[in-house]
Amino acid sequence: MGADKTTSWSYAEAFAAEDELAYRARERSLALRIPPVTPGTAAALTVLAATARPSTVVEVGTGAGVSGLALLRGLAPTAVLTTIDADIRALRAARETFREAGVPTNRTRTIPGRASLVLPRLTAGAYDMVVLDADPEGTLHYAEEAVRLLRPGGLLVVNDALHQDKVAQPANREENTRTMRAVHRLFREDERFSSALLPTGSGLLLAVRR
């Protein structure tokens, strides 16, 4: 196995081709100083959505709609994306992204508020896919809520699962890094889930409820 993974990672990220709509969404994200998912991660989200064929999706961390746009491009025309963010400016930017993409308004629900308060109000076992791309300190709680929300066969996706490559460094004991390791243990040890950790972008944790 080759030692230079950085070159392979860069090649894989560059493999994902993005159009003008995605570029504009990224510009809105950067203008708001919200880091968007990488092109490789966006491409992976599209493929995962197209493969899993979920009809109901919850996203925590809307941003300017970069990840939401990627999901919608993989979803069936009747699928509905519910996306949650505490930043009203981000939700406004995401709505603009979805509007530019020609997404019917009945296919998206943008919910303002803290995910820790919104998620418990969502119906248990009613979702086919949950995507977490929010504050690292809250990710463990959101992941526990995802367990409640997912139907059998449902897919969880956690972005930044390697937490900027800090998770793989045993000496790193930062609180957010330890939180992400706890998320890994949660799904690795829970017999109700099959899980995998991918190095795409800043890391993607995938877990399917059996």
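Among contacts in the chain between residues at least 6 apart in sequence, what percentage join residues at least 24 apart? In this predicted model, the share is 69%.

## The chain as a whole

The chain contains eight helices and seven strands, and its C-alpha trace spans about 45 × 40 × 30 Å along the principal axes. A compact globule of 210 residues would have a radius of gyration near 17 Å, and because the chain has 16 Å, its value agrees with that expectation. Buried residues account for 51% of the 210 residues in the chain.

## The nonpolar cores

The largest nonpolar core has 28 residues, of which Ile84, Leu119, Val130, Leu132, Leu156 and Phe187 touch the most other members. Two or more residues of this core come from each of β1 (56–60), α6 (115–118), β4 (127–132), α7, β5, α8 (175–189) and β7 (204–209), and it is α7 that gives the most, with five residues.

## The largest pocket

Rolling a probe the size of a water molecule over the atoms shows where empty space is left. The largest pocket holds about 670 Å³ of space, and of the 36 residues that line this pocket, Ile34, Pro35, Asp133, Ala134 and Asp135 are the closest to its centre. The elements that contribute two or more residues to the lining are α4 (66–74), β2 (80–85), α7 (139–149) and β5 (150–159). By class, the lining of the largest pocket divides into 17 nonpolar, 13 polar and six charged residues.

About 320 Å³ of space lies in the second largest pocket, which is lined by 17 residues, with Lys5, Trp9, Pro199, Thr200 and Gly201 the closest to its centre. Here the elements that give two or more residues to the lining are α1 (5–15) and α3 (39–52), and α1 gives the most, with seven residues. The lining of the second largest pocket has seven nonpolar, seven polar and three charged residues.

How values were computed
Residues are numbered from 1 along each chain as its sequence is written. This is a predicted model: local features need pLDDT of at least 70, side-chain atom pairs count only at pLDDT 80 or more; totals for chains, interfaces and linings use all residues. Side-chain values use heavy atoms; hydrogens and water are left out. On a 1 Å grid over the protein atoms alone, a cavity is a set of points where a 1.4 Å probe fits but cannot get out, and a pocket is an open set with protein on both sides within 12 Å along at least five of seven lines; lining residues have an atom within 4 Å of a point. Grid points are joined across faces, edges and corners, and a volume is the space filled by probe spheres set on the points. Helices (H or I, at least four residues) and strands (E, at least two) are DSSP runs, numbered from the N terminus. Ala, Val, Leu, Ile, Met, Phe, Trp, Tyr, Cys and Pro count as nonpolar, Asp, Glu, Lys and Arg as charged, and the others, Gly among them, as polar. A nonpolar core is a set of buried Ala, Val, Leu, Ile, Met, Phe, Trp, Tyr and Cys residues joined through side-chain atoms within 4.5 Å. Buried means under 20% relative accessible area, exposed over 50%, partly exposed in between (1.4 Å probe, protein chains only). The radius of gyration is taken over C-alpha atoms; the globule rule is 2.2 Å times the number of residues to the power 0.38. Contact means heavy atoms within 4.5 Å.
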